[in-house]
Amino acid sequence: MARRKKVYEGKAKILYEGPEPGTLVQYFKDDATAFNAEKKDVIEGKGVLNNRLSEFFMDGLASAGVPTHFIKRINMREQLIRAVEIVPLEVIVRNRAAGSLSKRLGIEEGTPLPRPIVEFCYKDDKLGDPLVTEEHIIAFGWASQQDLDDMVALALRVNDFLTGVFHAVGIRLIDFKIEIGRIYDGDFQRLIIADEISPDSCRLWDVKTNQKLDKDVFRHDLGNLADAYTEVARRLGVLPRNATQMTKPTLIN
Ligand SMILES: Nc1ncnc2c1ncn2[C@@H]1O[C@H](COP(=O)(O)OP(=O)(O)OP(=O)(O)O)[C@@H](O)[C@H]1O
Ligand SMILES: [Mg+2]
C-alpha cells in the first residue's frame, strides 16, 4: 500500500493526505473515548463498523440532496473525503432529553422535547467542548449569521433523514452530533457535512425495549459496544446477514 502523509491524528480517526489536492483519507481506529478522553479503551471492530455506517449515512444524505464530504470508501477502515475547513463547533440536534441536557435542565432521559432543539458547542478539548450561544459564535467570529442559519437548516435536514432511516428499523434517534466544514469554489463558500455519522455520535435506543445501541454502552458500561454497533449495522442492512451470530429475524429497510 502506498505510504501516506499523516495530517492529523484524533481520538477516533486519523487523517492522511489524499491522492488529489482537496482530498483526504479518513482512517477509522478502534479506539473509544468518553468523558473528554478520561475513559479509554480499544473496541475491536468499531472502526470497521463506523467506516461502513458513516458511508451508509453520508451516501443516503447525498441522495436526499444534503451535501457531505464523503467521496468513496476505499477499504474496511478508510474512506476518501473532501478536505474542508472545519467550523470549530459541534452541532447537536436533540429529539428527546438525554446526556448533558438532562443533567443541565433536570429533565429525565427519554422525555420527548416539544421540537428538535439545535445546540452548539465550541470544539476545544481543553475546555471540554463548552455549550455556546449564537451571540458567542458571531462575536468571536467562528461563523457568520448566514453560516449559522445554514448550519441549523443542514442539521435539521440531517435529523429528518436519520430519524426516518432509524425509525424504519425500530430505532429511536434520541440525539446526534455533526461537524460541518467549508469548501471554497473561488470566492464562493459552501457548507457541507463532514467528520462522521455513526453510533459514536448518535444516541440510539431500541423503540420497543429502550435498549441503548450507541456509545452510551461504553460510557456507562452497559455491555459490549461492538455488539451494539453490529446490531445497528445489521438492522440497516449494512452488514451481510451472516456476519454475526445473531439468529433472530430482524427488519431490513
Ligand atoms: N472533511 C474533513 N476535512 C478536514 N478535517 C476533517 C474532515 N472531517 C473531519 N475532520 C476533522 O478530522 C478529525 C477527525 O478525528 P477525530 O474525530 O478522531 O478527532 P477528535 O479526537 O474527535 O478531535 P477533534 O474533533 O477535537 O479535533 C477531527 O478533528 C475533525 O474535525
Ligand atoms: Mg471527533
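This is a predicted model: local features need pLDDT of at least 70, side-chain atom pairs count only at pLDDT 80 or more; totals for chains, interfaces and linings use all residues.
Local features need pLDDT of at least 70 and side-chain atom pairs count only at pLDDT 80 or more, while totals for chains, interfaces and linings use all residues. Residues are numbered from 1 along each chain as its sequence is written, and chains are lettered from A and ligands numbered from 1 in the order in which they are written.

**View 1. Two hairpins share strand β2.** Helices (H or I, at least four residues) and strands (E, at least two) are DSSP runs, numbered from the N terminus. Strands pair if DSSP finds at least two bridges between them. β1 (residues 6–9) pairs with β2 (residues 13–17) in the antiparallel sense, over three bridges. Lys6 stands opposite Tyr16 of β2, and three residues lie between the two strands of this hairpin. β2 is also joined by five bridges to β3 (residues 23–28), again antiparallel. Here Leu15 has Gln26 of β3 as its bridge partner. Five residues lie between β2 and β3, and in this hairpin Gly22 takes a positive phi near 85°.

**View 2. Five strands make up an open sheet.** The order is β1-β2-β3-β7-β6, with antiparallel pairing. β1 and β6 (70–73) are the edge strands, each pairing on one side only. On average, neighbouring strands are turned by 25° against each other, direction ignored. Axes are lines fitted to C-alpha atoms, for helices over the stretch in contact, and angles run from 0 to 180 degrees between N-to-C directions. Helix α1 packs on the sheet, where α1 touches β3, β6 and β7. The direction of α1 makes about 130° with that of β6.

**View 3. Helix α1 packs against helix α4.** The axes of α1 (residues 46–63) and α4 (residues 145–167) are 11 Å apart, at an angle of about 120°. The two helices are therefore oblique to each other (angles under 35 degrees count as roughly parallel, over 145 as roughly antiparallel, 65 to 115 as roughly perpendicular and the rest as oblique). Phe57, Gly60 and Leu61 of α1 meet Val158, Phe161, Leu162 and Val165 of α4; residues are in contact if their C-beta atoms, placed from the backbone, lie within 7 Å.

**View 4. Ligand 1 is surrounded by 19 residues.** A residue is near a molecule if its C-beta atom, placed from the backbone, lies within 6 Å of it. The closest residues are Gly10, Lys11, Lys13, His69 and Ala194. β2, β7 (78–82) and β12 (171–185) are the elements that give two or more residues to this shell.

Conventions: Two residues are in contact if their C-beta atoms, placed from the backbone, lie within 7 Å.
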